Amino acid sequence: VAIYGLQVVFPSITRWGAKRSDLILSRRELYRLISPVFLHGGVVHLAMNSFSLNNIGPEVERCFGQGRFLGTYLAAGVAGNLLSAYMSPNPSV
């Protein structure tokens, strides 16, 4: 939520961290594999992510522990952004 607030106040944060396939595939800005995990495209995107994490996150964390939950969350984000970089040239968050 805090990062979305910063995105609204400073739109350059979105431009800085969005998935850009050209920069990822050329290995110039690999941080773009992880930064979109924390960015949101709008209020609905933020609300749906928050709703989902609030509903299933606590149970998953209880079953697997904080470390594995965080690791899985980040690994899924990186994998999703990598696949998106290969499949779509369009920027996204």
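This is a predicted model: local features need pLDDT of at least 70, side-chain atom pairs count only at pLDDT 80 or more; totals for chains, interfaces and linings use all residues.

User: What does the side chain of Arg32 meet in a salt bridge?

Analyst: The side chain of Glu29, with a distance of 2.5 Å from N to O. Glu29 is partly exposed, at 22% relative accessibility. In general, side chains of opposite charge can pair when their charged atoms come close.

User: How many salt bridges does a search of the whole structure find?

Analyst: The search finds 3. Besides the one between Glu29 and Arg32, there is a salt bridge between Arg20 and Asp22, where the closest N and O atoms are 2.8 Å apart. Then Arg62 forms one with Glu59, and there the closest N and O atoms are 3.1 Å apart.

User: How far apart are Arg62 and Glu59 along the helix?

Analyst: They are 3 residues apart in helix α4, so about one helical turn separates them.

User: And how open are the residues in those other two bridges?

Analyst: Arg62 is exposed, with a relative accessible area of 62%, while Glu59 is partly exposed at 42%.

User: OK, zooming out. How many helices and strands are there in the chain?

Analyst: There are 5 helices and 0 strands, and along the sequence the pattern reads α-α-α-α-α. The C-alpha atoms fill a box of roughly 40 × 30 × 20 Å along the principal axes.

User: What share of the chain is buried?

Analyst: Buried residues make up 23% of the 93 residues. The accessible surface of the chain is about 6300 Å², and carbon and sulfur atoms account for 68% of that.

User: What about contacts between residues at least 6 apart in sequence: what share join residues at least 24 apart?

Analyst: That share is 61%.

User: Why does Ser21 count as buried?

Analyst: Because its relative accessibility is 3%, and anything under 20% counts as buried.

User: Which backbone atom lies 3.3 Å from a polar atom of the Ser21 side chain?

Analyst: That would be the backbone oxygen of Ala85.

User: Now Gln7. Where does it lie?

Analyst: Gln7 is in helix α1, residues 2–9. Gln7 is buried, with a relative accessible area of 5%.

User: What are the neighbours that Gln7 touches?

Analyst: Not counting residues up to four places away in sequence, they are Ile13, Thr14, Phe38, Leu39 and His40. With His40 there is a polar detail as well: its backbone nitrogen lies 3.0 Å from a polar atom of the Gln7 side chain.

User: Switching to aromatics. How many aromatic pairs does a search of the whole structure find?

Analyst: The search turns up 1 pair. The rings belong to Trp16 and Tyr31; their centres are 4.9 Å apart and their planes sit at 15°, so the pair counts as stacked. The pair links distant parts of the chain, with Trp16 in helix α2 (residues 12–17) and Tyr31 in the loop between α3 and α4, 15 residues apart.

User: Tyr31, then: what does its relative accessibility make it?

Analyst: Partly exposed, at 29%.

User: Last topic, the surface. Which residues make the nonpolar patch?

Analyst: Leu25, Leu82, Leu83, Tyr86 and Met87 make it, and the patch comes to about 560 Å².

User: Which helix gives the most to that patch?

Analyst: Helix α5, residues 66–87, gives the most, with 4 residues. Leu82 is placed in helix α5, and Leu82 counts as partly exposed because its relative accessibility is 34%.

User: Great, that covers what I wanted to look at.

Conventions: Residues are numbered from 1 along each chain as its sequence is written. Side-chain values use heavy atoms; hydrogens and water are left out. Buried means under 20% relative accessible area, exposed over 50%, partly exposed in between (1.4 Å probe, protein chains only). A polar contact is a pair of N or O atoms within 3.5 Å; within protein, one must be able to donate a hydrogen and the other to accept it, and residues adjacent in sequence count only if both atoms are side-chain atoms. Rings of Phe, Tyr and Trp (its six-membered ring) pair if their centres lie within 6.5 Å; planes under 30 degrees apart count as stacked, over 60 as edge-to-face and the rest as tilted. Helices (H or I, at least four residues) and strands (E, at least two) are DSSP runs, numbered from the N terminus. Patches are made of residues with over 30% relative accessible area and no salt bridge: like charges are joined within 9 Å, nonpolar side chains (Val, Leu, Ile, Met, Phe, Trp, Tyr) within 5 Å. Accessible areas come from the Shrake-Rupley method with a 1.4 Å probe; for residues, only the protein chains shown count as cover. A salt bridge is a side-chain nitrogen of Lys or Arg within 4 Å of a carboxyl oxygen of Asp or Glu. Contact means heavy atoms within 4.5 Å.
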